[in-house]
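Please look through the sequence and the structure shown below before reading on. The paragraphs that follow take up the metal sites and then the pockets and cavities.

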Amino acid sequence: MRVNIEQDRLTHELATLATFSGVPNPAVTRVVFSDVDLQARQYVKQLCAAAGLVIREDAAGNTFARWIGDAPDLAAIATGSHIDAIPSSGQYDGTVGVLGGLEAIRALQRSGFQPHRSIDLILFTSEEPTRFGVGCLGSRLLCGALEASSDQRLSDKEGRSLHDVRNAAGFSGSLEQVRLSPGCYAGFIELHIEQGPLLERSGTPVGIVTAIAAPAGLRVQIDGEGGHAGAILMPQRHDAFLAAAEIALAVEQAAINTGAIDSVATAGICDIFPGAVNSIPSHVKLELDIRDTDVVRRDGMLHAVRSAAQDIAEHRGVKIQFDIVNADDPAQCDPDIIEAIVQSCRQHSSGFQKMISRAYHDSLFVSRIAPTAMIFIPCRNGYSHRPDEYSSPAAIRDGVAVLADALAILSLRSG
Ligand code: HGY
Ligand code: MN
Ligand code: MN
C-alpha cells in the first residue's frame, strides 16, 4: 500500500499542539489534567472527529478514537501514545505517536483502504509521572497494573487526590471500569521518537523496538535536624540535604557498579525544607529513577541504594524512609507485530534496526493485554525531555508511513 503522508499538515498540527503549554515555545510543559492539557485534548479530539472517528473517553481520561472496520466484532488494532509533557520539555515526546497515529489513519482513509479489524487511536492519560508520581497512569489502569483504589491513594503536590483532580477535569465514574481484558486488541503499535542517539548516528530511519527496559521509581524522605546556619557547629549537625547528597552519589555508584551499560540511575527531584540559605536543611524529599533492561540487575541496584542509605542514616544521625513507587518488569515486544513492522519497512524500502527502548512508554503496560511493538524515529542528538527536542518532518513522515502500512497489515489479518 503506498500511502501518502500529508507532512506539512502534520507539522502544523504538532506545532499547534505545542502551543497548549504552561511555558513559552519551544519548551512545553503540559501536566495531566491542567488547563493546557484539557485544551490539548480538545484539539486532538476535534481532529479525530474531523477524520470521522468514533470517540470515547474512560474514567481515567484515556481517549479512544475508532475507525470502524467491516468486522467490528473482531478484536481491533490500535496505535497511540501520550500528549502530557514534563516541565520544560519538548514538542515531540508522545505527540508524534498521537498525531502521527491519526495521520496514519487519515492516510489509509485517503488511499481508499477499508479496515477489516477496526483501528483505534489511543491517547493515554498521564504517561509522565509529573503530577501523581507514577508514570503510565492510564495504561497501568487499562492493564490492571494499578488498582482502582489508587484513585484516593495518589495525590498531587497540593494534596489533591487523583479522584478529585480527574473529576474536576470532567472524567467521572469508577476506575474499575477502565480495565481492559487481555485480547481486547489484536495488536498495538506505538510510534515514538527514540529519545536516544542511535538511529541518528547510524542514519537509520526506523527503529523496531523488541524490548522495553524495566523502570523503578523511589521516593526517599530524609529527616535531620534543622537549625541556625551560623550557630550550629559542624560536629553537632544532622543535615538532611548532605545525607540526600550522599544518597544521590550512591545511586550513581550503584549503576556504575553493575558494570552493565544498560544500568541507569538518576536523582531527578530534590526538595529541601525549609529552603533558606541560613537554615540547615531539616527535611529533604528525594525522588529516584532506576532502570535496566535486566530486572535482576535493576533490583540489585535498588538493594545497593537501600543499604547505602542505611549506612548514611547511621553515620549522619538522620532518619530515612524509603518508598518504592513502582518497580515494573521489562516488556518483550510481540514477534508477529514486529514482523508486520518489518514487512511495512520492506514495502517502503525503509532501512530499520531492531533495538531496545531504555525509556518506558505506555507500550510497557499495553504489552500485558495485547501483542505490542514500537516504531522509533530518530531525534536530533538523541535529545528529549528538553526544549531542543526535535525530530524532522521527513523523519516523522517516514515513521508515520511505516506505521500506516503496519496497521493495514494487522487490520486485514482475520481471526
Ligand atoms: O521517563 C520515561 O522513560 C518516559 O519518557 N516517560
Ligand atoms: Mn517522556
Ligand atoms: Mn513518551
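Does D93 count as buried or exposed, and at what relative accessibility? At 8% relative accessibility D93 counts as buried, where buried means under 20% relative accessible area, exposed over 50%, and partly exposed in between, with a 1.4 Å probe and protein chains only. The model is a predicted one, in which local features need pLDDT of at least 70 and side-chain atom pairs count only at pLDDT 80 or more, while totals for chains, interfaces and linings use all residues. Residues are numbered from 1 along each chain as its sequence is written, chains are lettered from A and ligands numbered from 1 in the order in which they are written, and side-chain values use heavy atoms, with hydrogens and water left out.

D93 bridges two manganese ions, ligand 2 and ligand 3, which lie 3.6 Å apart. For the manganese ion (ligand 3), the protein donors (N, O and S atoms within 2.8 Å of the metal, or 3.2 Å for Na, K and Ca; water is not among the atoms, so sites may look incomplete) are H82 through NE2, D93 through OD and H192 through NE2, at 2.1 to 2.3 Å. Along the chain these donors follow the spacing H-x10-D-x98-H. Because D93 lies in the loop between β5 (85–89) and α3 (95–110), and H192 in strand β7 (residues 185–193), this pair ties together parts that are 99 residues apart in sequence; helices (H or I, at least four residues) and strands (E, at least two) are DSSP runs numbered from the N terminus. H192 is also buried, with a relative accessible area of 1%.

The manganese ion (ligand 2) is coordinated at 2.1 Å by D93 (OD), E128 (OE) and H385 (NE2). H385 is partly exposed, its relative accessible area being 37%.

Grid points are joined across faces, edges and corners, and a volume is the space filled by probe spheres set on the points. The second largest pocket has a volume of about 160 Å³, and its lining includes R2, H348 and D398. The count comes to three cavities of 30 Å³ or more, and the largest cavity, of about 40 Å³, has D262, R291 and R358 among its lining residues.

Key: 1 Å grid on protein atoms, 1.4 Å probe; cavity = no way out; pocket = protein on both sides within 12 Å on 5 of 7 lines; lining within 4 Å.
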